[in-house]
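Q: I would like to learn how to read the features of a structure. Please show me the example and guide me through it.

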Amino acid sequence: MNAQRVGLRALRQVARPNALSQNASRLMLTSMQSRGASTTKVTPEEEQALLASQRAKRPVSPHLTAYDFKQTWFSTSVWTRITGGALTTSLYLFSISYLAAPLTGWHLESASLVAAATTLPIAAKAGIKLLASWPFVFHLFNGTRHLVWDLAKGYNKPVIHAGNMAVWAGSFVTALGITYFL
């Protein structure tokens, strides 16, 4: 359906006369090749000075503090990047540690990890479970939402805001459920 619309739009644009095709002969006759700017030879020092003066006139890119704090920091898109980076970093750190364990004398085999986990108090176990489950669940939920956006669904502000709240609430409730039941 979309391919047909694109094809029809292209055909309509080709069939429509434009100003360039109607005035091509007149434009060719009246346009003379001219150059408004002239070039001069400059030394490398003058070149650097000119570049520095041009850079001083450019606007400075805005920092995150120039934007609305609610939209930049509490946005689910930013937190998807943060949780993805945290999950990736923890995976690589544990994998490298597990591979280096025989060389360093660390005991990272399953039996040692289970024995260490059983000695922890219940609150510490719950905190570790929550710290491990929430980034995963949040990244999963918001990643699914981004896949829905790739289908061009839900691109108006009320739906985006409701989706933000649903991702935050759903990820916390699901992470608490995982923490409690597993």
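**Reading contacts and rings**

A: Let us begin with a polar contact, a pair of N or O atoms within 3.5 Å; within protein, one must be able to donate a hydrogen and the other to accept it, and residues adjacent in sequence count only if both atoms are side-chain atoms. Here, the side chains of Thr-76 and Arg-145 are joined by a polar contact of 2.8 Å. The model is predicted: local features need pLDDT of at least 70, and side-chain atom pairs count only at pLDDT 80 or more, while totals for chains, interfaces and linings use all residues. Residues are numbered from 1 along each chain as its sequence is written, and side-chain values use heavy atoms, with hydrogens and water left out.

Q: Where does Thr-76 lie, and is Thr-76 buried or exposed?

A: Helices are DSSP runs (H or I, at least four residues), numbered from the N terminus. Thr-76 belongs to helix α6, which covers residues 76-104. Buried means under 20% relative accessible area, exposed over 50%, and partly exposed in between (1.4 Å probe, protein chains only). Thr-76 counts as buried because its relative accessibility is 1%.

Q: Which residues is Thr-76 in contact with, leaving aside its neighbours within four places in sequence?

A: Contact means heavy atoms within 4.5 Å. On that basis, the partners of Thr-76 beyond its neighbours within four places in sequence include Phe-138, Arg-145 and Trp-168.

Q: How many aromatic pairs does a search of the whole structure find?

A: Rings of Phe, Tyr and Trp (its six-membered ring) pair if their centres lie within 6.5 Å; planes under 30 degrees apart count as stacked, over 60 as edge-to-face and the rest as tilted. The search of the whole structure gives 10 aromatic pairs. In one of them, Trp-134 and Phe-138 are tilted, at 5.1 Å centre to centre with 35° between the planes. Both residues lie in helix α8, 4 residues apart, about one turn of the helix.

Q: Why is the pair of Phe-138 and Trp-168 tilted?

A: Phe-138 is buried, with a relative accessible area of 0%. The planes of Phe-138 and Trp-168 are at 45° and the ring centres 4.9 Å apart, so this pair is tilted. The pair links distant parts of the chain, with Phe-138 in helix α8 and Trp-168 in helix α9, 30 residues apart. Trp-168 is buried, as is Phe-138.

Q: Which residues form one aromatic cluster?

A: The cluster consists of Trp-79, Trp-134, Phe-138, Trp-168 and Phe-172.

Conventions:
Helices (H or I, at least four residues) and strands (E, at least two) are DSSP runs, numbered from the N terminus.
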